[in-house]
Amino acid sequence: MIALAFQNLTLGYDRHPAVHHLDARIEEGSLTAIVGPNGAGKSTLLKGVTGALSPLEGRVRWGSVAREDVAYLPQQSDIDRSFPISVKELVAMGLWQEVGAFGWLKRAQRARLDAAIAAVGLTGYEGRPIGALSGGQMQRALFARLLLQDAKLVLLDEPFAAIDARTMADLIEVIRNWHRQGRTVIAVLHDHETVVTHFPETMLLARELVDHGPTPRVMTPENHAQARVLSEASQLAPEICARDAA
Amino acid sequence: MIWDAIIAPFVEFGFMRRALLGCLAIAVGATPVGVFLMLRRMSLTGDAMAHAILPGAAVGFLVSGLSLGAMTIGGLIAGMLVAVASGLVSRLTTLKEDASLAAFYLISLAVGVIIVSTRGSNVDLMHVLFGTVLALDNVALTLLCTIASISVLTLAVIFRPLVLECADPQFLRSVSRLSAVTHFIFLALVVMNLVAGFHALGTLMAVGIMILPAAAARFWTTGIGGLLVAAACVAALSSVAGLLLSYHYSLPSGPAIILVAGIIYGLSVFLGPVGGILAQLVPRRHFET
């Protein structure tokens, strides 16, 4: 089963493509790392999936996953850290799709809320205001919120940037659990060791798709060299792309 | 003594009781909106919207004189137009909300001043700018109370999406379509309360009763619920004290009320236990890890 597919997908800003004519399929239940140099279009691709960015060309075709079944952790959340809500309230936002704007939290949902907070190791911090959390604790809280969203497809944009080893190990365990439960996970990552150790599938992007498949096959020096060449080959005065819509 | 100073003016004079009721209605209706304005860092948005309302009220005044209904409807229309136009521009283009709002409110204000200056006399301008809390009639009182009720009920309904929209708008947009709706309902509440406020306090002072109590409350409590209650209390206290000051010393009532709110704000900055200056100078012993 295919979770979602990119068909000739071109995404960009101000007519400049950041992802260029991408064709790829994401299998249901796969655990995929997206790697590539800065400016390779990794975050842009995730924004295209969430719908925050409309394609310049092509499309995202939804397979076994519906667009509503997506949980997304942005690279830079625009959470207002000074806003007076507690860790528990932040995490409880993950229940929005079940509870909506007006519902109560039922007993079972409260139990799941506590379980999610425990799963990321934040038990005891429930009542703290989010402004008092460290960067790592904040990331833990956001993972707990993702847990509660119970989504079939989880998109993570550089979830381990500026996170210490201990926190990272805990959060990778959360990701591996999602994988075991048959959820589809796509994560933008920079650290190659993490990718090779924990992610069976890899998509190497450099605006164009360099390679996509089993991690050992994709993560080769040749592929990375090609990615570097592709990402450096940006034109100063670009012409209109003549590649036809496949 | 206390009777003469505090109770008697309200017992003896109907206009003082009406003024008090009007101000309390505004305190209950407008300050919760002000708390959210402050939390969203939109405190100055309230000020901008207040200016945007002016041409609507002026057109209403031109059409049917000092008519409450016409000025209210005019103000509502002008405020909503500016709110929707700036909201649309910021959501559809790259211009941020503050810049687009500034653009539209300045246009609106220019139109308003031109209308007022070509047709109205200075006395009328003073009425629009400074309000007439001591001359509220039954219709005006009913309007103030109605708007306060609608405002509080609406805020209760949109409370959760509004909190999310403030704390993590990106997340709300990813799980729900309510983001834009919530934003516009909230802006509508701002406009409604400013229109209510300008009848009593004037367009310039109406923002004061929204923002000053909210800013003062921030120094006394941390939770949202606490902020809402504390701000409403500050507003009510300012109303009573301001009206009494205005009565005993023949001061203009709107500015007197806002000035009391300002004094409470100033005291809060120094004495408030949550991040006040005094609390920072006298640190308490920290906890164990």
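Which residue in S4(A) does Leu4(A) stand opposite? In this predicted model, local features need pLDDT of at least 70 and side-chain atom pairs count only at pLDDT 80 or more, whereas totals for chains, interfaces and linings use all residues. Residues are numbered from 1 along each chain as its sequence is written, and chains are lettered from A and ligands numbered from 1 in the order in which they are written. The residue in S4(A) that stands opposite Leu4(A) is Trp62(A). Helices (H or I, at least four residues) and strands (E, at least two) are DSSP runs numbered from the N terminus, and two strands are said to pair if DSSP finds at least two bridges between them.

S1(A) and S2(A) form a hairpin with two residues between them, and in the turn Asp14(A) has a positive phi of about 55°.

A further open sheet in chain A has six strands in the order S5-S6-S7-S3-S8-S9, with mixed pairing. At its edges are strand S5 (70-73) and strand S9 (208-214) of chain A, each of which pairs on one side only, and neighbouring strands are turned against each other by 15° on average, direction ignored. S5(A) pairs with S6(A) in the parallel sense over four bridges, with Tyr72(A) opposite Leu155(A) in S6(A). Val70(A) and Tyr72(A) point one way from S5(A), while Ala71(A) and Leu73(A) point the other way, and all are buried; a residue is termed buried if 20 or more other C-beta atoms lie within 10 Å of its own, exposed if 12 or fewer do, and partly exposed in between, with C-beta atoms placed from the backbone. Strand S3 (residues 31-35) of chain A and strand S8 (residues 201-206) of chain A run parallel and are joined by four bridges, and the bridge partner of Thr32(A) in S8(A) is Glu201(A).

Two helices of chain A lie across strands of this chain. Helix H1 (residues 42-50) of chain A lies across S3, S5, strand S6 (153-157), strand S7 (184-188) and S8 of chain A, and runs at about 145° to S6(A). Because eight of the nine residues of H1(A) are buried, this helix is largely enclosed by the rest of the structure; the buried residues include Lys42(A), Leu45(A), Leu46(A) and Val49(A). H1(A) is followed by Gly51(A), which has a positive phi near 95°. Helix H9 (residues 221-232) of chain A lies across S8 and S9 of chain A, running at about 160° to S9(A).

In chain B, helix H3 (residues 43-64) and helix H10 (residues 178-200) pack at an angle of about 65°, with their axes 10 Å apart. That makes H3(B) roughly perpendicular to H10(B), a description that covers angles of 65 to 115 degrees, whereas those under 35 count as roughly parallel, those over 145 as roughly antiparallel and the rest as oblique. Residues that make the contact include Gly46(B) and Met49(B) of H3(B) and Val190(B) and Phe198(B) of H10(B), two residues being in contact if their C-beta atoms, placed from the backbone, lie within 7 Å. H8(B) and H10(B) pack at an angle of about 100°, with their axes 9 Å apart. Pro161(B), Leu162(B) and Glu165(B) in H8(B) meet residues in H10(B) that include Leu178(B) and Phe186(B).

Between the chains, 18 residues of chain B are in contact with 15 residues of chain A. On the side of chain B that touches chain A, two or more residues each come from helix H8 (159-167) and helix H9 (169-175) of chain B, and H8(B) gives the most, with six residues.

Technical notes
Axes are lines fitted to C-alpha atoms, for helices over the stretch in contact, and angles run from 0 to 180 degrees between N-to-C directions.
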